[in-house]
Amino acid sequence: SGDEKTELPNQKMQITRLTGKAVTYGGYANVSRQNIDFSSPQVMDLVINDLASQYAIQTEAAACAQLAATNTGGVGYDPAEEGSITAALWQAAATAYSAVKGQGRLVLAIAPDVLSVFGPLFAPVNPRDSQSPGFEAGRFGQGVMGSISGIPAVMTTGLQAGEAFLFSTAAFEVYEQRVGTLQVVEPSVLGVQVAYAGYFTPMTIEAGGIVPLDIESSSSS
């Protein structure tokens, strides 16, 4: 900044290289032609779906482990108080927002047992008058379950018990190149070898943009 008609400041553009290690995840199984020809439902569909599911579980666990490995100061909350949870979210949001200079979108990632704590406190009753439209036990599952203070709450089994993190998408990224299904015929034994794989790596871009939410007792000060 400067006065009128003063020369603008000048500086070199600096680019920092971040190295991401692409880890291979996957597995394979051998299936006989007899099982393929005489199974109902089709055994190949079952095998491929199971391999893809295990790949998803492994890669999600890797992403969550990277979140948990970020050593930044956490924000405490009382699991028995709705107001304490929302206050902690706002404080964590301010921390993450400041760290990434307002870039990205905010996401709340929580373990299954944490959702079971938040859910009863944010019931879908009079949602216009609350901080959340509420959570429903009948919809309990992986992925986005709802929101609190406008922040989407994502339940993931990749997190350990009690873990919860608020982060910016500008602070934490994942990279994936999915190979998908590979098959090779084994004519000598009348079989098919089927595999499912991909390359996956999570990366912390700005540690300050990942804020753990820590459970406190109601007597904590």
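Is Lys101 buried or exposed? In this predicted model, select Lys101 to begin: the residue is exposed, with a relative accessible area of 68%. Its place is in the loop between α3 (82-99) and β3. With the backbone displayed, note that phi of Lys101 is near 55 degrees, a positive value in a residue other than glycine.

Next, select Leu190, in the loop between β7 and β8 (191-204). Here phi is near 50 degrees, again a positive value for a residue other than glycine. Leu190 is partly exposed, its relative accessible area being 46%; the figure does not exceed 50%, so Leu190 is not counted as exposed.

**The cis peptide bond**

Move to Ser40 and Pro41 and display the bond that joins them. The peptide bond from Ser40 to Pro41 is cis, with omega near 5 degrees. Pro41 belongs to the loop between α1 (33-38) and α2.

**Salt bridges**

How many salt bridges does the structure hold? There are two.

For one of them, select helix α1 and show the side chains of Arg33 and Asp37, which both lie in this helix, four residues apart, about one turn of the helix. Arg33 forms a salt bridge with Asp37, and the closest N and O atoms are 2.7 Å apart. Both partners are partly exposed: Arg33 has a relative accessible area of 32%, and Asp37 has one of 46%.

Then select Glu176 and Arg178, whose side chains meet in a salt bridge at 3.2 Å, N to O. Glu176 counts as partly exposed, at 39% relative accessibility.

**The largest pocket**

Finish at the largest pocket, which has a volume of about 370 Å³. Of the 18 residues that line this pocket, select those closest to its centre: Ala63, Leu67, Phe167, Phe172 and Val174.

Which elements each supply at least two residues of the lining of the largest pocket? They are α2 (43-68), β3 (106-110) and β7 (172-186). Helix α2 gives the most to the lining, with six residues.

How values were computed. Residues are numbered from 1 along each chain as its sequence is written. This is a predicted model: local features need pLDDT of at least 70, side-chain atom pairs count only at pLDDT 80 or more; totals for chains, interfaces and linings use all residues. Side-chain values use heavy atoms; hydrogens and water are left out. On a 1 Å grid over the protein atoms alone, a cavity is a set of points where a 1.4 Å probe fits but cannot get out, and a pocket is an open set with protein on both sides within 12 Å along at least five of seven lines; lining residues have an atom within 4 Å of a point. Grid points are joined across faces, edges and corners, and a volume is the space filled by probe spheres set on the points. Buried means under 20% relative accessible area, exposed over 50%, partly exposed in between (1.4 Å probe, protein chains only). A salt bridge is a side-chain nitrogen of Lys or Arg within 4 Å of a carboxyl oxygen of Asp or Glu.
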